Amino acid sequence: MIPAIEKKIVNYLKNIKSADDMDLIIALGMAKEGFDWPYCEHALTVGYRGSLTEIIQIIGRCTRDSANKTHAQFTNLIAQPDAEDSEVTIAVNNMLKAITCSLLMEQVLAPNFKFKTRLPDDNTEAPKGVVKIKGFKQPSTVKVKSIVETDLNDLKAKILQDDNIAKALTGSVDPEVINKVLIPKIIQTTYPDLSDEEIEEVRQYVVVDSAIKTCDIEQSGDKQFVKMANKFVNINDLNIDLIDSINPFQKAFEILSKSLDKKTFKVIQNCIEETRIHVTEEEAIILWPKIVKFVKEVGNQPNISSFDPQERRMAEALILLRKLKRERGVGN
């Protein structure tokens, strides 16, 4: 049972109506989930966080759209560990890369839209930031409103991490099965106290939000078109049946499966190897003629994963030389 003073604080936070109602919040566990303060401009954490999900949740608290801000900032204060500065730099950079990738994948920085039901006789244009959808069920209870307002990113992250969803994203499962069978099961497991109607409302919001955020919206004259399932649809003609017929996470899957080709993986691998190699500049310069000879004879560049130690060493030297070339701005 929530103590009276905590209940009073929670009620006050839920009813904040303007940026002037609150200047600063010092939060412990509550800032990680079940908490929303869209006016927040700067999130400051003190100490190392063992969970990347926890960091993303905290960052998400200050990236909510709000009229009072055009800039959001996250600062993480960590103690200087007892280690060499180079090791600290690599560790911090790796953490920042992981945070950046997670922000992109979980769409924390994507534009926020509000979704409303388009009634049969409604032909008016929706206000900026609002998308009207025929047949869409808007949140009808306090529980559903709380989920879509504060837990949506966390819920989508949980859906994407589900094994059945991961298998379905390969295209082997019909999109309607993903949207109407798999996603509702995850919602029911996560929120067992929701009624069937509430689960459907949450499901529709998850699917619509995921689909709209990842689709391309183009302006043609005074009309807007949304690209869904490889075709453009007038935004005024959107309906829930159309959205349910597509995979809401398809674009994310295409980025993972198609954009990350062999060439891209090689670039990523080389960037990682740059932090590991121990070849000096002098050694790399000496090895350069041997690298050129190797390429002419073999037909490809030295492989960093080769079983031959000499080939691996040449590959390390080549990575270092390319890094030095970039840093010094040397032309081709």
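**Note on the predicted model: a surface patch, a ring cluster and a loop aspartate**

1. L44 is exposed, with a relative accessible area of 52%; exposed denotes over 50%, buried under 20% and partly exposed the range in between, with a 1.4 Å probe and protein chains only. The model is predicted, so local features need pLDDT of at least 70 and side-chain atom pairs count only at pLDDT 80 or more, whereas totals for chains, interfaces and linings use all residues. Residues are numbered from 1 along each chain as its sequence is written, and side-chain values use heavy atoms, with hydrogens and water left out.

2. L44 belongs to strand 1 (residues 42-46). Strands (E, at least two residues) and helices (H or I, at least four) are DSSP runs numbered from the N terminus. Together with V46 and L77, L44 makes a nonpolar surface patch of about 300 Å². Patch residues have over 30% relative accessible area and no salt bridge, nonpolar side chains (Val, Leu, Ile, Met, Phe, Trp, Tyr) being joined within 5 Å and like charges within 9 Å. A salt bridge is a side-chain nitrogen of Lys or Arg within 4 Å of a carboxyl oxygen of Asp or Glu. Accessible areas come from the Shrake-Rupley method with a 1.4 Å probe, and for residues only the protein chains shown count as cover.

3. The structure holds 3 aromatic pairs. In one of them, the rings of F115 and F136 have centres 6.3 Å apart and planes at 70 degrees, so the pair is edge-to-face. Rings of Phe, Tyr and Trp (its six-membered ring) pair if their centres lie within 6.5 Å; planes under 30 degrees apart count as stacked, over 60 as edge-to-face and the rest as tilted. This pair links distant parts of the chain, 21 residues apart: F115 in strand 3 (residues 114-117) and F136 in the loop between strand 4 (130-133) and helix 4 (142-161). Both F115 and F136 are buried.

4. F115 also pairs edge-to-face with Y205, the ring centres being 5.4 Å apart and the planes at 75 degrees. Because F115 lies in strand 3 and Y205 in helix 7 (residues 196-214), the pair ties together parts that are 90 residues apart in sequence. Y205 counts as buried at 11% relative accessibility, and F115 at 4%.

5. D122 sits in the loop between strand 3 and strand 4 and counts as buried at 15% relative accessibility. The D122 side chain makes polar contacts (N or O atoms within 3.5 Å; within protein, one must be able to donate a hydrogen and the other to accept it, and residues adjacent in sequence count only if both atoms are side-chain atoms). One joins the side chains of D122 and T124 at 2.6 Å; another is with the side chain of K132, at 2.9 Å.
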